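I opened the notebook to go through this structure one feature at a time. Entries follow in the order in which I looked things up.

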Amino acid sequence: VLHDSIFYVLISNGDIESLQFGTGDSIISNKFKFPDGSKKMNEFESLYYDDSLKQLVLFCKKCEDDDKKTVSAWGYSIDSGAYTPSVYTIDVKPIDKELGGEKIKFKPSATAINPVTNDLYVLASIDHLLVVTDRQGKFKELYQLDPAIYKQAEGIAFTPWGDMIISNESHGTGLANILIIKNKKKGL
């Protein structure tokens, strides 16, 4: 995530590393340790900056403290350097219901805020899903992604005018790619 000229990189255990270009060829880096990271089995893959919360938000892909019915989002305050557990959660039941009662293993692989609608978009590569929620994680919409097109959707971003960009890993079936889905509602 790029915020205020600093790059923030999420490490799968929840640690966050900041990188900032200094003078000349120098790079200034800092590492922020996830609390109790060595004591629990947690896996994170998704990070975005939430301007309404004024912090980075990281989603559990697989965290010990989450049950199968919720996925938690942790906050990281850039100003204080502190992590906040469960700034909100996504309830998996409405997603299961939308899929006709099919039990899924909802594991977010990427997240981004749509700047036009102000909604949170969550990719779940394993289940080939794109879930739309409000900024507090309340379910709004679900899109099932065609696995032939979205082989392994692992990245999402938006242009300022709301075009969605999804990156796919190769998943052993050809080349990795980047897809651009145009925003058809330009009047928003």
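This is a predicted model: local features need pLDDT of at least 70, side-chain atom pairs count only at pLDDT 80 or more; totals for chains, interfaces and linings use all residues.

I placed D50 in strand β5, which covers residues 42–50. Its relative accessibility is 0%, and because the cut-off for buried is under 20%, D50 counts as buried. I then checked for a salt bridge and found one between the side chains of R135 and D50, at 2.9 Å from N to O. R135 sits in the loop between β11 and β12 while D50 is in strand β5, so this pair ties together parts 85 residues apart in sequence. The two side chains are also listed as making a polar contact, at 2.9 Å.

I looked for what else touches D50. With neighbours within four places in sequence left aside, D50 is in contact with Q55, V57 and R135. I also noted a network of salt bridges that links D50, D51 and R135.

**Entry: other salt bridges**

How many salt bridges are there by the rule used? The count comes to seven. I followed up K33 and D15, whose side chains meet in a salt bridge at 3.6 Å, N to O. K33 lies in the loop between β4 (27–32) and β5, and D15 in the loop between β2 (6–10) and β3, so the pair ties together parts that are 18 residues apart in sequence.

K33 counts as exposed, because its relative accessibility is 59%. D15 has a relative accessible area of 4%, so D15 is buried.

I also looked up K93, which forms a salt bridge with D91; their closest N and O atoms are 4.0 Å apart. D91 has a relative accessible area of 30% and is therefore partly exposed.

**Entry: nonpolar cores**

Which residues have the most contacts inside the largest nonpolar core? They are F59, I95, F106, L129 and V131, in a core of 20 residues. I listed the elements that give two or more residues to this core: β6 (55–63), β7 (70–76), β8 (83–91), β10 (120–124), β11 (129–133) and β12 (139–144). β10 supplies the largest share, three residues. Apart from this core I found another, of 14 residues, and I6, Y8, L58 and C63 are among them.

Leaving aside neighbours within four places in sequence, V131 is in contact with I95, F106, L120, Y121, V122, F139, E141 and L142.

**Entry: a nonpolar surface patch**

What makes up the nonpolar surface patch of about 440 Å²? I found that L2, F7, F21 and I27 make it. I looked up F21 separately and placed it in strand β3, residues 16–21. F21 counts as exposed, because its relative accessibility is 61% and the cut-off for exposed is over 50%.

**Entry: T159**

Where does T159 lie? I located T159 in the loop between β13 (153–158) and β14 (164–168). Its relative accessible area is 14%, so T159 is buried. Once neighbours within four places in sequence are left aside, T159 is in contact with P115 and I165.

How values were computed. Residues are numbered from 1 along each chain as its sequence is written. Side-chain values use heavy atoms; hydrogens and water are left out. A nonpolar core is a set of buried Ala, Val, Leu, Ile, Met, Phe, Trp, Tyr and Cys residues joined through side-chain atoms within 4.5 Å. Buried means under 20% relative accessible area, exposed over 50%, partly exposed in between (1.4 Å probe, protein chains only). Helices (H or I, at least four residues) and strands (E, at least two) are DSSP runs, numbered from the N terminus. Contact means heavy atoms within 4.5 Å. Patches are made of residues with over 30% relative accessible area and no salt bridge: like charges are joined within 9 Å, nonpolar side chains (Val, Leu, Ile, Met, Phe, Trp, Tyr) within 5 Å. Accessible areas come from the Shrake-Rupley method with a 1.4 Å probe; for residues, only the protein chains shown count as cover. A polar contact is a pair of N or O atoms within 3.5 Å; within protein, one must be able to donate a hydrogen and the other to accept it, and residues adjacent in sequence count only if both atoms are side-chain atoms.
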